[in-house]
Every structure is written in structure tokens, then in C-alpha cells.
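Me: Can you walk me through this one? I'd like the fold, the charged pairs and the pockets.
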Amino acid sequence: MKTLILAGAFAMAALTAQAELVTREAPTSVINTMDALETAVTDAGASVVARVNHGMAAKGVGLEMNDAELLIFGNPKLGTQAMQADPRAGLFLPMKVLVYADAEGKTHIVYEDPTSMLSKTDVPADAEFLKTMTGALDKFSTAAAGG
């Protein structure tokens with residue numbers, strides 16, 4: 001019985017963690033979607049820290065995987081406010097958006113909701129900068145998806 005309860009608790013924790021992810025489909029390839037995402041981010045005045053091509057890294061070590069790229073970016077005006085509220089916010093910042101192709105070849109854009117992401121810290125859930133981060137991620141991912 002304890003095993004079933006523990007299994008249920010782990011399953012609920014996994015579902016809760018999944019609920020924190022925001023996902024949308026994009027009609028173009030991973031590279032085109034990521035290019036559009038990067039353009040939206042830089043046009044808004046945010047700074048790109050890195051663009052990581054996971055698929056190319058896998059090929060570099062002789063492994064196969066579908067295309068997947070991660071964009072790491074931020075805006076110090078927002079991130080600094082989060083870290084002033086709780087320096088541990090730096091574990092989750094800068095922001096990250098993953099663009100990947102699934103087994104059927106469909107392109108997906110996924111990121112962690114900022115309020116959920118920073119709920120692990122003492123950053124107030126009603127902080128205005130969290131609303132701004134959430135709005136920016138929605139705007140960027142919508143632009144990248146062609147909307």
C-alpha cells in the first residue's frame with residue numbers, strides 16, 4: 001500500500017512539473033522557428049546569451065536525435081528585480097526557450113512559466129516583473145510560431 005501511495009505522489013509531482021511548461025506548435029522547421037524567436041527577442045531589446053544546438057551536439061558525438069535548439073536570453077532590467085527579491089532566482093535566469101522537432105517532425109516551442117519557475121524562491125507571485133516576463137515569453141513564442 002505504501003508503494004502505491006508513493007507511486008501516486010511521484011506521478012502527481014511529475015504532472016505538476018509538466019503543468020509548468022508552456023508549449024505551442026510552430027508551422028516551420030526548428031531552425032526557422034528559432035531564427036524567428038531570436039529576432040523577436042533581440043528586436044524587443046533583450047540580450048541573447050547563447051543559442052545551443054542540441055541536435056548538432058548529438059551528431060558531434062555520433063548520436064542521432066531530432067533537431068532541438070535552446071535560446072538563452074535575458075533583460076537585466078527584469079532579471080535584476082527578480083534577484084533583488086531573492087538571489088536564488090539566478091538559478092533560473094536568464095530565460096530559456098526550447099524549440100524542438102517531435103517524432104512526427106512537428107516543431108514545438110516550449111518554456112517554463114516564469115511564475116511557476118520562480119515559485120521555488122521567495123519572489124512574490126504577484127510581482128509586476130513576473131507579469132512582464134510572462135507577457136514577453138508569450139509575445140516571443142507567438143512571433144516565432146508565425147503569429
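Reply: First a term: a residue is buried under 20% relative accessible area, exposed over 50% and partly exposed in between, using a 1.4 Å probe and protein chains only. On that scale, 34% of the 147 residues of the protein count as buried. This is a predicted model, where local features need pLDDT of at least 70 and side-chain atom pairs count only at pLDDT 80 or more, while totals for chains, interfaces and linings use all residues. Residues are numbered from 1 along each chain as its sequence is written, and side-chain values use heavy atoms, with hydrogens and water left out.

Me: What share of the contacts joins residues at least 24 apart?
Reply: That's 65%, among contacts between residues at least 6 apart in sequence. Contact here means heavy atoms within 4.5 Å.

Me: Switching to charges: how many salt bridges does the structure hold?
Reply: Nine, where a salt bridge is a side-chain nitrogen of Lys or Arg within 4 Å of a carboxyl oxygen of Asp or Glu. One of them pairs Asp138 with Arg24, with 3.3 Å between the closest N and O atoms.

Me: And which parts does that pair tie together?
Reply: Asp138 sits in helix H6 (residues 128-144) and Arg24 in strand E1 (residues 21-26), so the bridge links parts 114 residues apart in sequence. Asp138 is partly exposed at 37% relative accessibility, and Arg24 is partly exposed at 26%.

Me: What about Asp86, buried or exposed?
Reply: Asp86 is buried, at 5% relative accessibility. Asp86 forms a salt bridge with Arg88, and the closest N and O atoms are 2.7 Å apart. Arg88 is partly exposed, with a relative accessible area of 41%.

Me: How far apart in helix H6 are Lys131 and Glu128?
Reply: Three residues, so about one helical turn separates them. Their side chains meet in a salt bridge at 3.7 Å, N to O, and Glu128 is exposed with a relative accessible area of 54%. There's also a network: Asp35, Glu38, Arg51 and Glu69 are joined by salt bridges that share partners.

Me: Now pockets. What's the volume of the largest pocket?
Reply: About 300 Å³. The search runs on a 1 Å grid over the protein atoms alone, and a pocket is an open set of points where a 1.4 Å probe fits, with protein on both sides within 12 Å along at least five of seven lines; lining residues have an atom within 4 Å of a point. Points are joined across faces, edges and corners, and the volume is the space filled by probe spheres set on them.

Me: Which residues lie nearest its centre?
Reply: Of the 20 residues lining the largest pocket, Phe73, Gly74, Asn75, Leu78 and Met95 do. Strand E2 (47-53), strand E3 (68-74), helix H4 (76-85) and H6 each give two or more residues to that lining. By type, the lining has 14 nonpolar, six polar and no charged residues. Ala, Val, Leu, Ile, Met, Phe, Trp, Tyr, Cys and Pro count as nonpolar, Asp, Glu, Lys and Arg as charged, and the others, including Gly, as polar.

Me: And what's in the lining of the second largest pocket?
Reply: There the lining has 11 nonpolar, no polar and two charged residues. E4 gives the most to it, with four residues.
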